[in-house]
Amino acid sequence: MNVAAANLSGVDALLQSAERRFIAANPLSARRYEQACRVFPGGHTRQTLYYAPFPVTIVRGAGARVIDLDGHEYLNTVGDYAAGVYGHTCEPIQRAVSEALQTGIQLSGVNNREVELAQLISSRIPSMELVRFCNSGSEACLFSVLAAQHVTKRRKILVFNGCYHGGFMIYGAADPPLSVPFDLVKATYNDIDGTRAMLRADADSIAAVIVEPVMGAGGCIPGTHDFLSMLREETRRHGVVLIFDEVGSSRLAPGGIQGLLGVVPDMTTLGKFWGGGFNFGAFGGSREIMRHFDLRGGGVLSQGGTFNNNIVTMAAGLTGARDIYTPEACVKLNKLGDGLREAINALGVSRGITLQATGSGAMMNTHWHRGHINHPGDVAPPTHPLRRLFQLEMLLRGFYVAQRGIITLSLPYSEDDIADFVSAISDYVTEYGGLIEAH
């Protein structure tokens, strides 16, 4: 379809055309999706990975690239939603996992790697004086909130509209049915005055404030230093536990965003890359809070989990964080990400189009939006036609792109990869820019 016809028929017609070409190019993935629908509701078992008309089936990956069932190769810009720091092949981690497996699986006891990983985490993020492991960032956030309720003897939790703290802690104007039904106070992200007023009004009943220092699923929106500092000041004043959800943002600086900004929470949650490519979660904080998990000293919070110290995860996570994603490597990767985000924003400005990228370091999100973005209410939903069109067109160009626009880079990325990606976005804007602006 040429541009003139596109302008006549609109974005919906363009989207239909892209879907037809996508379906024609991916017959094996289409057949696989039909099979999946017979055993999975909706044809998948991880909601984030679904997009219409069907997701391509990935069969293998190497470095920063993946290959689908139909043989198409893509530069992976998704990076497993901030978890895939190491890319798809990482020899030191693969070797560490193999060696761990040789010592046995399901060892039924404490092992010789978990303490070292906990020590490394505490050294990188000093506010985590004591640490507990679990199986995901979702679990880590839930355990932290429950611990805060226990410590403060209060019930309410202050969250931010559009926040994502794991699969069962998603809150907004209308909460998903599977979200934990906490007694919530809902504020607007980056709204200093409004949030301060809510905190003061309910100070005696709020147990915790949980916040992403850089929102991930909400659109990769950074919290301002003034906003996060206000949260620290007010929670300390009123005896409220401040929880930084750094499941995603801890990869953006050697000590996480809290280390970058110098704003220290009471508790922190981790996940994603810290498992070296395997299931992992962690939460921790001050000794005063975490002592409640110490059953030897009178603590009553018993937190179990069969796979909390899984030997494969411990080996992969320790090797990855200690030997590969060192502070120096972290700084280098995030500088590369800053360059990509700046290039995308420069492209939007130079073409006079409503394209911009928000985020920090190697975690960002594209938006078809004019004006500053402060909170998730400022951005279009993941299913917006412009987001869907961009995703399908980029897939057809050989770039594995998430429908909601999140981009997280991995260590195998090169400057040439960045240049190729920016060039592809530029070609897309050249072809469809006029229609996008009209829409």
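Visitor: Which elements are included in what covers the buried residues of α7?
Guide: In this predicted model, helices (H or I, at least four residues) and strands (E, at least two) are DSSP runs, numbered from the N terminus. Buried stands for under 20% relative accessible area, exposed for over 50% and partly exposed for the range in between, with a 1.4 Å probe and protein chains only; in α7 the buried residues are F227, L228, M230, L231, R232, E234 and T235. With contact taken as heavy atoms within 4.5 Å, the cover of these residues includes β5 (156-160), α6 (192-201), β9 (206-211), β10 (241-245) and α8 (256-261).

Visitor: On what numbering and what confidence do these values rest?
Guide: Residues are numbered from 1 along each chain as its sequence is written, and side-chain values use heavy atoms, with hydrogens and water left out. As the model is predicted, totals for chains, interfaces and linings use all residues, whereas side-chain atom pairs count only at pLDDT 80 or more and local features need pLDDT of at least 70.

Visitor: How far apart are the end C-alpha atoms of α7?
Guide: The expected span of a helix is 1.5 Å times one less than its number of residues. Helix α7 (residues 225-238) has 14 residues and should therefore span 20 Å. The separation in the model agrees with this: 20 Å.

Visitor: Which residue just after α7 takes a positive phi?
Guide: The residue follows directly on the helix, and its phi is about 70°. It is G239.

Visitor: Where in the chain does N190 lie, a residue other than glycine with a positive phi?
Guide: Phi of N190 is near 70°. N190 counts as buried because its relative accessible area is 15%. Its place is in the loop between β8 (184-187) and α6.

Visitor: Is K153 buried or exposed?
Guide: K153 lies in the loop between α5 and β5, and its phi is near 60°, a positive value in a residue other than glycine. Its relative accessibility is 63%, so K153 counts as exposed.

Visitor: Which residues does S138 contact, leaving aside neighbours within four places in sequence?
Guide: S138 is part of helix α5 (residues 137-152). With a relative accessibility of 16%, S138 counts as buried. Its contacts are H165, G166, G167 and F168.

Visitor: How far is L395 from A25 in space?
Guide: L395 belongs to helix α12 and is buried, at 4% relative accessible area. Not counting residues up to four places away in sequence, L395 touches F22, Y51, Y74, Y400 and V401. L395 and A25 are 370 residues apart in sequence, but from C-alpha to C-alpha their distance is 10 Å.

Visitor: Which proline is joined by a cis peptide bond to A52?
Guide: The omega of this bond is about 5°. The proline lies in the loop between α2 (27-36) and β1 (58-62). It is P53.

Visitor: How much space lies in the largest cavity?
Guide: On a 1 Å grid over the protein atoms alone, a cavity is a set of points where a 1.4 Å probe fits but cannot get out, a pocket is an open set with protein on both sides within 12 Å along at least five of seven lines, and lining residues have an atom within 4 Å of a point. Grid points are joined across faces, edges and corners, and a volume is the space filled by probe spheres set on the points. The largest cavity is lined by R124, S250, A253, P254, F273, W274, Y325, T326, P327 and C330. Its volume is about 50 Å³.

Visitor: Which elements each supply at least two residues of the lining of the second largest cavity?
Guide: The volume of this cavity is about 30 Å³. Its lining consists of T366, W368, R387, F390, A402, Q403, R404 and G405. The elements in question are β14 (363-368) and α12 (385-396).

Visitor: Which elements give two or more residues to the lining of the second largest pocket?
Guide: This pocket has a volume of about 750 Å³. Of its 27 lining residues, V110, E114, R132, F133 and N309 lie nearest the centre. The elements are α4 (114-124) and β4 (130-134).
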